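The sequence and the model are shown first.

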Amino acid sequence: MNDALTPGAAARLLGVAPTTLRSWDRRYGIGPGERSPGGHRRYSPADMDRLRELCRLVGEGFPPASAARRGPGNGGFPG
């Protein structure tokens, strides 16, 4: 878990607000695969790859819900 990022650090790298990451997790199930021992969200490199793809699709004009469904291989993002 040493290379896992906090929501704030992940949001800064992605250029979105931390609240956006929480919303995507809650609404579309695209969130961190792990939590800290205290229950805090932590974003792994694989989580960041999924989020970068979601950001790319949103940047291309897809609504977040559509982008979440389109995910890797058009089969959606793994949960």
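How many residues does helix 3 have, and what distance does helix 3 reach from its first C-alpha to its last? Helix 3 has 15 residues and reaches 21 Å between those two atoms, close to the 21 Å expected at 1.5 Å a residue, where the expected span is defined as 1.5 Å times one less than the number of residues in the helix.

The structure is a predicted model, in which local features need pLDDT of at least 70 and side-chain atom pairs count only at pLDDT 80 or more, whereas totals for chains, interfaces and linings use all residues. Residues are numbered from 1 along each chain as its sequence is written, and side-chain values use heavy atoms, with hydrogens and water left out.

**Confidence and architecture**

The chain averages a pLDDT of 88, and 87% of the residues score at least 70, pLDDT being the predictor's confidence in each residue on a scale from 0 to 100. Where pLDDT is low, the predicted coordinates should not be read in detail.

The secondary structure comes to 4 helices and 2 strands, with helices (H or I, at least four residues) and strands (E, at least two) taken as DSSP runs and numbered from the N terminus. From the N terminus on, the elements run α-α-β-β-α-α. Of the 79 residues of the chain, 37% count as buried, a term that means under 20% relative accessible area, with exposed meaning over 50% and partly exposed lying in between (1.4 Å probe, protein chains only). The accessible surface of the chain comes to about 4,500 Å², of which 50% belongs to carbon and sulfur atoms; such areas come from the Shrake-Rupley method with a 1.4 Å probe, and for residues only the protein chains shown count as cover.

Contacts are heavy atoms within 4.5 Å, and among those in the chain between residues at least 6 apart in sequence, 47% join residues at least 24 apart. A separate C-alpha distance concerns G8, which is found in helix 1 and is partly exposed at a relative accessible area of 21%: the C-alpha atoms of G8 and R42, 34 residues apart along the chain, are separated by 9.8 Å.

**Helices 2 and 3**

In helix 2, which covers residues 18–28, the residues L21, S23, W24 and D25 are buried, and what covers the buried residues of this helix includes helix 1, strand 1, strand 2, helix 3 and helix 4. Helix 2 is followed by G29, whose phi is positive, near 75°.

In helix 3, the buried residues are D47, M48, R50, L51, L54, C55 and L57, and their cover includes helix 1, helix 2, strand 2 and helix 4. Helix 3, too, is followed by a glycine with a positive phi, G61, here near 110°. S44 counts as buried because its relative accessibility is 14%, and, leaving aside its neighbours within four places in sequence, S44 is in contact with A4 and E34.

**Salt bridges**

Side chains of opposite charge can pair when their charged atoms come close. A salt bridge here is a side-chain nitrogen of Lys or Arg within 4 Å of a carboxyl oxygen of Asp or Glu, and by this rule the count comes to 5. Several are listed below.

| Pair | N to O distance |
|---|---|
| R41 and D25 | 3.2 Å |
| D47 and R50 | 2.7 Å |
| R56 and E60 | 2.5 Å |

R41 forms a salt bridge with D25. This pair links distant parts of the chain, with R41 in strand 2 and D25 in helix 2, 16 residues apart. R41 counts as partly exposed, at 21% relative accessibility.

D47 and R50 are separated by about one helical turn because they lie 3 residues apart in helix 3. D47 counts as buried at 3% relative accessibility, and R50 is buried as well, with a relative accessible area of 14%.

R56, by contrast, counts as partly exposed at 39% relative accessibility, and E60 is partly exposed with a relative accessible area of 49%. These two residues also belong to a network of salt bridges that links E53, R56 and E60.
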